[in-house]
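Please read the report below alongside the sequence and the model. It moves from the overall fold to single residues.

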Number of protein chains: 2
Amino acid sequence: MTAAPQPQRGGRRPGESGTREAILAAARSAFAELGYDRATIRGIAAGAAVDPALVLHYFGCKDGLFGAALEIPVEPAEILARVRARAPDEMGPALVRAFLSAWEPAETRTPLLATLRSAMTNETAMTLVREYLERRIFGPITQALQADDAQLRATLIGSQFIGMAMMRYVACIQPLASASVDELVAAVGPTVQRYLTGDLGEGAGA
Amino acid sequence: MTAAPQPQRGGRRPGESGTREAILAAARSAFAELGYDRATIRGIAAGAAVDPALVLHYFGCKDGLFGAALEIPVEPAEILARVRARAPDEMGPALVRAFLSAWEPAETRTPLLATLRSAMTNETAMTLVREYLERRIFGPITQALQADDAQLRATLIGSQFIGMAMMRYVACIQPLASASVDELVAAVGPTVQRYLTGDLGEGAGA
């Protein structure tokens with residue numbers, strides 16, 4: 001058995017303020033550029049100027065690091081709380097606006113797109129994203145709705161949002177890609193409102 | 001200058017019935033498994049048991065082959081014609097049903113998913129998909145609608161459909177992934193109906 005290569009000690013140490021965030025930032029950047037499969041613990045550690053062992057210390061493994069990197073750059077619970085403070089018939093448009101406010105700034109859009117791309121091409125990444133969505137977004141929406149079909153409603157909302165993100169930020173298909181936030185709130189808000197509180201039984205005869 | 005490797009002649013020749021389809025089938029399978037970047041003309045030719053030169057003869061280059069492989073496995077013009085035969089207020093649900101009928105069978109879903117995955121991770125593939133969508137789907141819908149905001153309406157419909165495909169077939173998030181076609185027609189049909197013919201100006205005050 002050969003000795004493991006002696007890791008070089010970086011400028012930061014465990015517990016030092018900001019180290020964890022620096023690792024996460026490097027991880028997001030690596031997952032964004034390379035995708036889940038090609039991003040490495042070693043490369044991410046180098047990007048954060050820390051020892052690879054420190055990355056493993058904080059996050060256990062690449063999966064753990066990706067899961068932590070997903071907790072970005074918006075807090076769904078905060079967004080959902082703000083939306084729930086609205087009148088029931090305003091929640092749909094408010095949710096569209098909140099969704100867009102999370103995606104519009106480049107500094108949040110870039111890591112969100114990285115997550116989406118990784119999930120599309122790697123089953124492990126997809127599993128992590130699926131778990132994240134179910135735990136942090138669809139779960140809370142389902143609980144808030146308290147309807148028999150609340151889970152379906154939550155995932156229908158998810159379908160409209162992920163499709164809007166795909167068309168606007170990934171495929172950049174016009175004119176949806178350059179529509180204003182107000183236009184999209186007006187156009188998509190009632191869709192989300194109906195998925196939240198409307199009748200889902202119409203149209204079945206088609 | 002070294003001589004190019006002598007291609008081995010396969011069992012099929014130009015013009016032989018089915019050769020072009022065999023190449024396209026092999027290309028779809030390669031793009032599905034490997035993505036656009038890692039799929040090769042050589043590997044696709046091998047999968048179709050033809051000479052690589054024959055692939056280039058038919059399709060010019062990898063981009064040309066991918067473009068041709070995109071013309072699968074449903075004909076948007078036929079689907080749109082069927083939907084346009086419906087009464088105006090039934091078109092939304094009919095379009096949802098037509099979309100799902102294209103995606104539900106594994107033999108059509110597999111190549112459609114391959115296209116989606118390639119587009120997510122390769123800019124050339126995305127360009128091809130974008131062109132295809134604009135030329136074959138959003139363009140005809142826009143023309144049929146003859147409204148000032150017809151282009152936005154067409155792409156809003158696209159956003160709901162691509163999101164539904166992502167949730168149901170890519171991420172497999174429940175209960176949307178296992179909902180019946182009838183349930184989805186009932187739930188999503190009115191969304192598409194509104195994007196086709198409804199008022200898109202509501203909800204702007206949120």
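What share of the contacts in chain A with a separation of 6 or more comes from residues 24 or more positions apart? The share is 67%. A contact means heavy atoms within 4.5 Å.

## Basis of the model

This is a predicted model, where local features need pLDDT of at least 70, side-chain atom pairs count only at pLDDT 80 or more, and totals for chains, interfaces and linings use all residues. Residues are numbered from 1 along each chain as its sequence is written, chains are lettered from A and ligands numbered from 1 in the order in which they are written, and side-chain values use heavy atoms, with hydrogens and water left out.

## Chain A overall

Chain A has ten helices and zero strands. Helices (H or I, at least four residues) and strands (E, at least two) are DSSP runs, numbered from the N terminus. Of the 206 residues in chain A, 51% are buried. Buried means under 20% relative accessible area, exposed means over 50%, and partly exposed lies in between (1.4 Å probe, protein chains only).

Helix H8 of chain B spans residues 123–145 and has a kink of about 40 degrees, centred on B:Glu134. The bend at a residue is the angle between axes fitted to the seven residues ending there and the seven starting there. Buried residues of H8(B) include B:Arg130, B:Tyr132, B:Leu133 and B:Arg136. Their cover includes helix H9 (150–170) of chain A. It also includes H1, H4, H5, H7 and H9 of chain B. Just after H8(B), B:Gln146 takes a positive phi of about 50 degrees.

H4(B) buries B:Leu65, B:Phe66, B:Gly67, B:Ala68, B:Ala69 and B:Leu70. Among the elements covering these residues are H1, H2, H3, H7 and H8 of chain B.

## The largest pocket

Rolling a probe the size of a water molecule over the atoms shows where empty space is left. On a 1 Å grid over the protein atoms alone, a pocket is an open set of points where a 1.4 Å probe fits, with protein on both sides within 12 Å along at least five of seven lines; lining residues have an atom within 4 Å of a point. The largest pocket has a volume of about 640 Å³. Grid points are joined across faces, edges and corners, and the volume is the space filled by probe spheres set on the points.

The lining holds 26 residues, with A:Leu34, A:Arg38, A:Thr121, B:Arg38 and B:Thr121 nearest the centre. H1 and H7 of chain A, and H1 and H7 of chain B, each supply at least two lining residues. The lining divides into ten nonpolar, eight polar and eight charged residues. Here Ala, Val, Leu, Ile, Met, Phe, Trp, Tyr, Cys and Pro count as nonpolar, Asp, Glu, Lys and Arg as charged, and the others, Gly among them, as polar.

## Loops and cysteines

The peptide bond from A:Gln174 to A:Pro175 is cis, with omega near 5 degrees. A:Pro175 lies in the loop between H9 and H10 of chain A. In chain B, a cis bond joins B:Gln174 and B:Pro175, with omega about 0 degrees. B:Pro175 sits in the loop between H9 and H10 of chain B.

B:Cys172 is also placed in the loop between H9 and H10 of chain B. Its phi is positive, near 50 degrees. B:Cys172 is partly exposed at 38% relative accessibility.
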